[in-house]
Amino acid sequence: MKALALAASILLGTGALFAHHSFAAEYDGTKPVTVTGTVAKVDWTNPHIHFYVDVTDEAGVVTQWKFEGYPPNMLVRQGWKRDVTMRPGDVVTVFGWRARTDPNLGASREVTFANGSKLASGPPAGTGGQ
Amino acid sequence: MIRRTGVTVAAGMLISVLTAAALAQTLPPRKEGGKPAGSRPARSVPRAADGRPDLSGIWITGALQLLIGDAEAAAIRQADAAAGRQPLPRPEPPPYKPEAEARRQAYVARRGIDDPMARCFLSGVPRITTRPLPFQILQMRGQVVLLYEAHHAFRVIPTDGRPHPDDIEPSFLGDSVARWEGNTLVVDVIGFNEKTWLAGVGTIHSDKLHVTERYTRDSYETIRYEVTMDDPEVFTRPWHQVEILRLRPNERLREYECIENNEDLLRFENLLQTDPALKDAPRR
């Protein structure tokens with residue numbers, strides 16, 4: 001256990017490269033989440049974008065999820081275009097990891113669009129790179 | 001109790017890294033931007049009018065995967081291998097004195113929530129170099145100018161032999177002067193405040209920090225970036241790091257205004273009040 005902790009400490013404590021903050025500060029990399037729903041809103045802002053997805057369960061109850069993503073500059077370098085790639089009304093599937101406290105907040109990693117295409121939307125868990 | 005919690009968190013994070021590494025194999029290529037520098041035909045190192053290597057250009061380093069995506073990062077690694085470029089050595093851990101290491105571990109136990117960068121403070125040297133955002137080098141007669149997309153920060157670095165000024169105020173980026181040693185630009189940086197971390201979570205330093213950066217353009221596409229951090233207050237010996245800077249010929253600097261919508265500030269305050277691991281972890 002000590003060896004594992006030491007390895008994680010070196011990997012994350014000094015070697016990690018962040019754009020903004022540590023992943024672990026807010027999110028739990030052991031709790032992946034995938035949701036499908038309709039985009040309600042996109043905040044294309046620094047230091048992260050946020051987008052809101054309305055998810056309807058089997059009983060018809062709608063829950064709004066909020067996801068954090070890369071900052072705009074990193075997204076455009078990976079193929080995103082503001083107001084084009086993701087717009088309100090689009091149906092998307094989002095893969096990411098749950099926040100530690102807020103039950104409907106997540107760190108997004110990948111978005112799958114209605115046509116089946118996929119784009120990275122945020123960093124891997126543990127690298128903390130947002 | 002605190003130690004067990006830290007181990008659990010650390011183990012969980014390590015698992016996350018491994019999971020993410022597996023996931024990274026499935027992500028798509030990026031759609032626009034420059035091609036990997038290594039895929040271009042070999043070109044000689046450009047020279048300035050004075051015969052020195054010309055470092056001018058837009059460069060990236062650090063977390064390639066975050067900046068340009070998984071596929072292109074993998075292509076760059078393949079190009080490195082094809083060119084016979086040796087992989088960088090495993091980063092050496094910071095040689096902290098026991099008291100400083102205890103402070104670093106306290107920050108790690110708090111999961112990096114105290115990171116000055118997460119509060120949009122200007123990153124210092126060398127951390128600003130390894131942010132996954134590009135920067136531009138403008139080399140001209142008597143000075144080198146570094147323009148960073150992160151925080152739209154800049155460094156104007158004299159290369160005309162002048163010493164550090166005698167009225168330095170402690171600052172995030174410190175005061176830089178440079179000289180040429182053969183084909184290497186050596187930048188001497190002092191005059192730091194104590195408000196930045198050097199490389200990752202908890203990599204603290206004092207205002208006695210003395211950084212030496214060495215920029216060597218070892219190919220058309222790359223600069224070997226070697227940095228030595230010396231701080232007798234916190235280190236038992238100087239801390240060395242090596243990175244490769246990659247030329248991005250089709251890139252341009254964009255605005256990055258960190259504080260625009262930094263919701264993390266509010267979330268951090270909430271976590272500090274409600275998360276047991278953070279409430280119990282000592283704040284140093």
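A residue is called buried when its relative accessible area is under 20%, exposed when that value is over 50%, and partly exposed in between, with a 1.4 Å probe and protein chains only. The structure is a predicted model, in which local features need pLDDT of at least 70 and side-chain atom pairs count only at pLDDT 80 or more, while totals for chains, interfaces and linings use all residues. Residues are numbered from 1 along each chain as its sequence is written, chains are lettered from A and ligands numbered from 1 in the order in which they are written, and side-chain values use heavy atoms, with hydrogens and water left out.

Let us begin with the aromatic rings. A pair of aromatic rings is described by the distance of the centres and the angle of the planes. Rings of Phe, Tyr and Trp (its six-membered ring) pair if their centres lie within 6.5 Å, and planes under 30 degrees apart count as stacked, over 60 as edge-to-face and the rest as tilted. By this rule the count comes to twelve aromatic pairs over all chains. The rings of A:Phe23 and A:Trp97 have centres 5.7 Å apart and planes at 85°, so this pair is edge-to-face. The pair links distant parts of the chain, since A:Phe23 belongs to helix H2 (residues 23-26) of chain A and A:Trp97 to strand E4 (residues 91-99) of chain A, 74 residues apart; here helices (H or I, at least four residues) and strands (E, at least two) are DSSP runs, numbered from the N terminus. Both A:Phe23 and A:Trp97 are buried. A stacked aromatic pair is formed by B:Phe121 and B:Phe172, with 5.8 Å from centre to centre and 20° between the planes. With 39% relative accessibility, B:Phe121 counts as partly exposed.

In chain B we can follow a series of strands, where two strands pair if DSSP finds at least two bridges between them. Strand E1 (residues 57-60) of chain B pairs with E2(B) in the antiparallel sense over three bridges, and B:Trp59 stands opposite B:Phe135 in E2(B). Strand E2 (residues 135-140) of chain B has a covered face of B:Phe135, B:Ile137 and B:Gln139, whereas B:Gln136, B:Leu138 and B:Met140 make up its uncovered face. E2(B) also pairs with strand E3 (residues 143-148) of chain B, in the antiparallel sense and over six bridges, and B:Met140 stands opposite B:Gln143 in E3(B). The hairpin of E2(B) and E3(B) has two residues between the strands, and in this hairpin B:Gly142 takes a positive phi near 85°. E3(B) and E4(B) run antiparallel and are joined by five bridges, with B:Pro158 in E4(B) as the bridge partner of B:Gln143. In their hairpin, which has five residues between the strands, B:His151 takes a positive phi near 65°.

Finally, in helix H6 (residues 264-274) of chain B, the residues B:Asp264, B:Arg267, B:Phe268, B:Leu271 and B:Leu272 are buried. Seen down the axis of H6(B), these buried residues fall within an arc of 135°, so they line one face of the helix, the arc being that of the directions from the helix axis to the C-beta atoms. The face of H6(B) turned away from the buried side carries the exposed residues B:Leu266 and B:Gln273.
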